[in-house]
Amino acid sequence: LSISPWSTPFNKMSTRSAVSRLAKAFHTHKHKHKQASTHAHTHTHQQLSMLCLVKCGSLVTSALLTKLAERTLPLSKLELASLSSKSVSKHSICQLITSCCKRLFTLTMVDCQRIGTEVISSIADTCTNLRMLTLSGCSSLSAVSLAPFHQDRPRASLQSLDLSHSDINDAAASRIASLYPQLHRLSLLGCCELTSLTLSSLQQLR
């Protein structure tokens with residue numbers, strides 16, 4: 001499911017309502033399939049596995065993320081961008097991650113103002129199979145808020161990490177390099193707190 005106001009003409013209320021109805025429809029379909037499977041085990045069913053909410057502005061709210069979280073969708077890919085601190089709470093983001101992202105392989109959060117310690121903790125605790133993590137341009141992301149992710153809980157599956165335009169410092173970058181030597185891609189573009197000390201620590205990467 002991919003939603004962007006640039007793809008089709010839209011009305012704010014109708015689009016938000018449509019997203020809510022879609023989430024409800026997936027839940028209803030899942031329930032009906034569960035009942036039918038007791039009579040026909042050969043019937044197959046696919047659930048929503050990819051969700052993209054990019055450039056939706058005020059269409060994405062705490063209420064919408066909470067509704068999606070209630071559906072417990074088994075997402076493998078989640079993309080969120082430009083979430084406003086006025087319309088989306090940290091709690092609703094954490095709810096979505098905790099409920100729907102246990103099987104997540106790819107998580108992209110770009111220009112989201114609500115990415116702090118609570119959200120990073122939810123990612124670290126829930127998304128144990130991540131292969132790609134993008135947290136680019138998240139204004140509240142710092143070495144302190146990243147701490148839950150670079151503690152002694154490395155993710156052996158992680159191959160790509162993007163922390164561009166964050167306030168990460170040399171110590172955090174060094175810690176990440178030591179915990180994730182298997183990284184194929186690490187982006188620190190625009191991280192103004194970094195110095196030449198980071199270059200030596202990055203030699204630990206492959």
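In this predicted model, F105 touches S76, N129, L130, R131 and M132, residues up to four places away in sequence not being counted, where contact means heavy atoms within 4.5 Å. R131 lies over the face of F105, at 4.1 Å from the ring centre; a charge is taken to sit over a ring if NZ of Lys or CZ of Arg is within 6 Å of the ring centre and within 35 degrees of the ring normal. F105 itself is found in the loop between helix 3 (90-100) and strand 4 (106-110), helices (H or I, at least four residues) and strands (E, at least two) being DSSP runs numbered from the N terminus. With a relative accessibility of 32%, F105 counts as partly exposed, a class that lies between buried (under 20% relative accessible area) and exposed (over 50%), for a 1.4 Å probe and protein chains only. Between F105 and L75, which are 30 residues apart in sequence, the C-alpha to C-alpha distance is 8.4 Å.

For the protein chain as a whole, the secondary structure comes to 6 helices and 7 strands, which follow the pattern β-α-β-α-β-α-β-α-β-β-α-β-α along the sequence. Of its 206 residues, 44% count as buried, and among contacts between residues at least 6 apart in sequence, 80% join residues at least 24 apart.

Residues are numbered from 1 along each chain as its sequence is written, and side-chain values use heavy atoms, with hydrogens and water left out. Local features need pLDDT of at least 70 and side-chain atom pairs count only at pLDDT 80 or more, whereas totals for chains, interfaces and linings use all residues.
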